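Have the sequence and the structure open as you read.

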Amino acid sequence: MPEHVEVRLEDDVHLHVAASGPPDAEVTAVLLHGWTLDGRSWHRQQAELRERFGDRVRVVTYDARGHGRSGCMALRTATLAQLGDDLAAVLDAVAPAGPVVLVGHSMGGMTIMEYAHRHPGHFAARAAGLVFVSTTAEGHTHTVYGLSPRIARLIRLAETTGAGVLARCGAWRPPRALLRALRPSIRWMLFGDHCDPTDLRLVTSAVARATLRSIGGFRASIGAQHRLDTLAALAHLPAAALVGDRDRLTPPPCAESIAAALPATELTVCPGAGHMLMMERPEQVNAALAGVLGRALAGARSGLLPG
């Protein structure tokens, strides 16, 4: 069973962290969830990693500030920059030594890029591999929701306006009755051709636990981020990028630009899949993660990796 701990940050926000595997494992895998979700997004990867690697790999997940079981925060800290700082703090608290493989879905992938940008020395000393799942390094550049550009612009305007309102609602959470009514929209936005009802329930449950401040507050930062230059400096690391060809939020051009910035990256495009690849295509995500972890473990044994 995972060990659950609380990491208290400098601004007094607490983060809920779950870790399994020995603290002195050869490599630590840190799995970062997406916007409005929580660490439970990775449950299929956690089980697979335990079965495949045993005590050789320590697996860490945590709920980002304002999400899941973590605490709410001041609106001014609802930024990707702050999430990058939070990642550095979590590593220092729960995985202070040894190489780490960083795995990010959507906002989680953007958090990894921000960590690399804001803490280059810390990153270089720790990172041994990268896995980017349904994410982008270019904000909303490619996001058209699977619709015409004109309609997409109208949706983005409405979304941005609504986000500003939600951001001022503090620690309140979405009413569950409203989320049940919105479940068809959530399914359309986040999933591809097929959706397991249990996955849709888990995602809806996660959204219900996110604060309105985090749902609205992070929107501006997510839309504005551009970190392709940061990625280009990380080309020496083993990496993988995955995307679904039905992803309405981070469509294939997002993953393609990441792969172009990291030429050695293994790019996987999953037909019929949407934004929730770790649930929709766990076999492909698990295989990519195992591949990067395998290379990180080999490097750790040879003494060629950081940590």
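## Salt bridges across the chain

E114 is buried, with a relative accessible area of 5%; here buried means under 20%, exposed over 50% and partly exposed in between, using a 1.4 Å probe and protein chains only. The side chain of E114 forms a salt bridge with R227 (3.1 Å, N to O), the term meaning a side-chain nitrogen of Lys or Arg within 4 Å of a carboxyl oxygen of Asp or Glu. R227 lies in the loop between α9 (219-224) and α10 (228-232) and E114 in helix α3, so the pair ties together parts that are 113 residues apart in sequence. R227 is buried too, at 18% relative accessible area.

This is a predicted model: local features need pLDDT of at least 70 and side-chain atom pairs count only at pLDDT 80 or more, while totals for chains, interfaces and linings use all residues. Residues are numbered from 1 along each chain as its sequence is written, and side-chain values use heavy atoms, leaving out hydrogens and water.

D86 and R65 also meet in a salt bridge, at 2.7 Å from N to O. Because D86 sits in helix α2 and R65 in the loop between β4 (57-62) and α2, this pair links parts 21 residues apart in sequence. Both D86 and R65 are buried.

## Two arginines in one loop

R246 pairs with D193 in a salt bridge (3.4 Å, N to O). R246 is in the loop between β7 and α11, and D193 in the loop between α6 (176-190) and α7 (197-209), so parts 53 residues apart in sequence are tied together. R246 is partly exposed at 39%, and D193 is partly exposed at 43% relative accessibility.

R248 lies in the loop between β7 (239-244) and α11 (252-261). What is the nearest side chain of opposite charge to the buried R248? That is D193, 6.6 Å away, and R248 has no salt bridge; Lys and Arg count as positive and Asp and Glu as negative, with His and the chain ends not counted.

## Helices α2 and α3

The axes of α2 (residues 80-94) and α3 (residues 107-118) come within 7 Å and cross at roughly 80 degrees. These axes are lines fitted to C-alpha atoms over the stretch in contact, with angles running from 0 to 180 degrees between N-to-C directions. The helices are therefore roughly perpendicular to each other, a label for angles of 65 to 115 degrees.

Methods: Helix = DSSP H or I, 4+ residues; strand = E, 2+ residues; numbered from the N terminus. Parallel < 35°, antiparallel > 145°, perpendicular 65-115°, else oblique.
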